Structures are given as C-alpha cells and as structure tokens.
Amino acid sequence: MVPETGIDPDCATLAAHGIQLPRALHRIVRRVLIPPAALQERVREMARLLAEHYPPESEVVVTPVLTGAFMFAADLGRALAQESTLDVHFALTKAGSYGAAMGVDGSGVRTVIIDLQPSDVAGRSMLLVDDILDHGFTLAALRDRLSAWGVRNVQVCVLLNKQLEDPEPQILAQRAKAAPDLVGFEIPDVWVAGYGLDAAGSLRHLPCIVSVDKDT
Ligand code: IMP
Ligand code: MG
C-alpha cells in the first residue's frame, strides 16, 4: 500500500517543524504535505522492500536521477545497505526534460537528455531512483536506454507519484511505460518542492515535501 498524503493539519506549517525561510520563499509555500519523520520512515520501509529484489551479498548500482533525486537516493542507498547485505554502489545520472521554470504546458516535443555511460551499468543490477513521476518522460526514456544497454535487473523507484487530474492519452501511455516498481507516496496534482525537489531552483534543502504556489 502506497501512503497517501493527508496529514495532521497541526504539522502542515513549516513553523511546526522549526523551519525558517526568507520571506519571499515562505510566501510561496502552501503547506507541508509530507513531514520529515514520515519521509524518513517510508524511506527505510522502501529500502527493506527493495532489498528483496537483489540476491544477498550481490552488487547493486543505485542511480539517482539528478538533480531532484539526490537527497532521497542518498538516504535510500544508505538505508538499503543497513537493511541488507548488499554491496551498494552509486552511479549518478543527470536527466531532465524540464527547464528552470516550474511546470510545462504539455505541448511540443521534449528531449530527455541522459548523462550516463553504458560502461557504468551494462550487465549490472541497478536501482534507478527518481524524485517524482509526473508526465513520465524521464523514466520512460531511462528505461528504454537501460534495456538497450543490457542492464540485468533494474528496479525503478520514485519517491512521489503525482496523480494527474486530467491527463491526455499520450501522457498516460508515457506514464505506463515509466512504470515504477515502487512508489513512496501518492500526491495530488500540485507543484511540490523540498527533499531534493525544487521550485525554480529553491527549496531543495527542505527536510519535508511542501506544496508550492507557482502563480506568485
Ligand atoms: P516527467 O519526466 O514528466 O515525469 O517529469 C519528471 C521530472 O520533472 C522529475 O524528475 C522532476 O525533476 C520534475 N518535476 C515534475 N513535477 C515536479 C514538481 O511538482 N516539483 C518539482 N519537480 C517536478
Ligand atoms: Mg527529476
């Protein structure tokens, strides 16, 4: 069961978690969707579930999709090593189809650029870690690339799955192709930031996931 975000309203403000921000940023934060403790607890649970997919004592290459997944993947990789006898390696990839601005209009062709060498991963077991599944372009492209390179056993995990309100058929197809094996949390169709995810470059450092007002 993937947890839904529906938290105690007392935990919905940054102040409740002792977090301060410059005023201009504080204004764009709507509410805390996933508090720090809930994130950490789920990361550990995910590590336990993922460990079962790799033979004990074997090697697994954890591949965070930068930049958004860096914090989640660091915690998940360490939890994976603590919860198993796996030999955990890291190989970073940068992949993106978004610009610096928030959101996309869904039209036009988007190129996914993947910065990973076949020699980093061919013939190895992998754990691909992304921050969020939105339209699915990034993960679908990565899955294609990895299977072409002969990666043996790839698990795809995302921290957040955005439940899109009214997706077009081609977006649904893309998301189906991305097909994460494990999702951390289901979230509503809003812009979120924190724990590695950004709002126009800011808020990546937050220890929680917040919803952001992208129109201000
Ligand atoms: P997709 O390829 O359309 O699934 O987009 C996935 C990428 O877009 C993620 O890895 C994020 O980097 C970024 N992204 C999508 N939605 C959000 C959001 O709400 N906040 C921050 N980044 C997001
Ligand atoms: Mg990303």
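A search of the whole structure finds zero disulfides, a disulfide being counted when two cysteine sulfur atoms lie within 2.5 Å. Such a link is a covalent bond between the sulfur atoms of two cysteines. Cysteine 157 is buried, at a relative accessible area of 0%, and cysteine 208 is buried at 0% as well. Here buried means under 20% relative accessible area, exposed means over 50%, and partly exposed lies in between (1.4 Å probe, protein chains only).

The model is predicted: local features need pLDDT of at least 70, side-chain atom pairs count only at pLDDT 80 or more, and totals for chains, interfaces and linings use all residues. Residues are numbered from 1 along each chain as its sequence is written, chains are lettered from A and ligands numbered from 1 in the order in which they are written, and side-chain values use heavy atoms, with hydrogens and water left out.

The chain has six helices and ten strands, taken as DSSP runs numbered from the N terminus (helices H or I, at least four residues; strands E, at least two). Of its 216 residues, 47% count as buried. The chain exposes about 10500 Å², and carbon and sulfur atoms supply 52% of that area, computed by the Shrake-Rupley method with a 1.4 Å probe, where for residues only the protein chains shown count as cover. Among contacts (heavy atoms within 4.5 Å) between residues at least 6 apart in sequence, 76% join residues at least 24 apart.

One pair of positions can be located on the model. Proline 118 lies in helix H4, residues 118–121, and is partly exposed, with a relative accessible area of 34%. Between proline 118 and arginine 145 there are 27 residues in sequence and 9.0 Å in space, C-alpha to C-alpha.

The next subject is ligand 1. Around it are 17 residues, of which Asp131, His135, Gly136, Thr138 and Val192 come nearest; a residue is included if one of its heavy atoms lies within 4 Å. By class, the shell has seven nonpolar, four polar and six charged residues. E6 gives the largest share, three residues.

Backbone atoms also approach the ligand. An oxygen atom of ligand 1 lies 3.0 Å from a backbone N or O atom of aspartate 134, and an oxygen atom of the ligand is 3.1 Å from a backbone N or O atom of phenylalanine 137. At valine 192, a polar backbone atom is 2.6 Å from a nitrogen atom of ligand 1. Taken alone, ligand 1 exposes 500 Å², and the protein buries 92% of that. Strand E6 (125–133) and helix H5 (137–148) are the elements that give two or more residues to the shell.

How values were computed
A polar contact is a pair of N or O atoms within 3.5 Å; within protein, one must be able to donate a hydrogen and the other to accept it, and residues adjacent in sequence count only if both atoms are side-chain atoms. Ala, Val, Leu, Ile, Met, Phe, Trp, Tyr, Cys and Pro count as nonpolar, Asp, Glu, Lys and Arg as charged, and the others, Gly among them, as polar.
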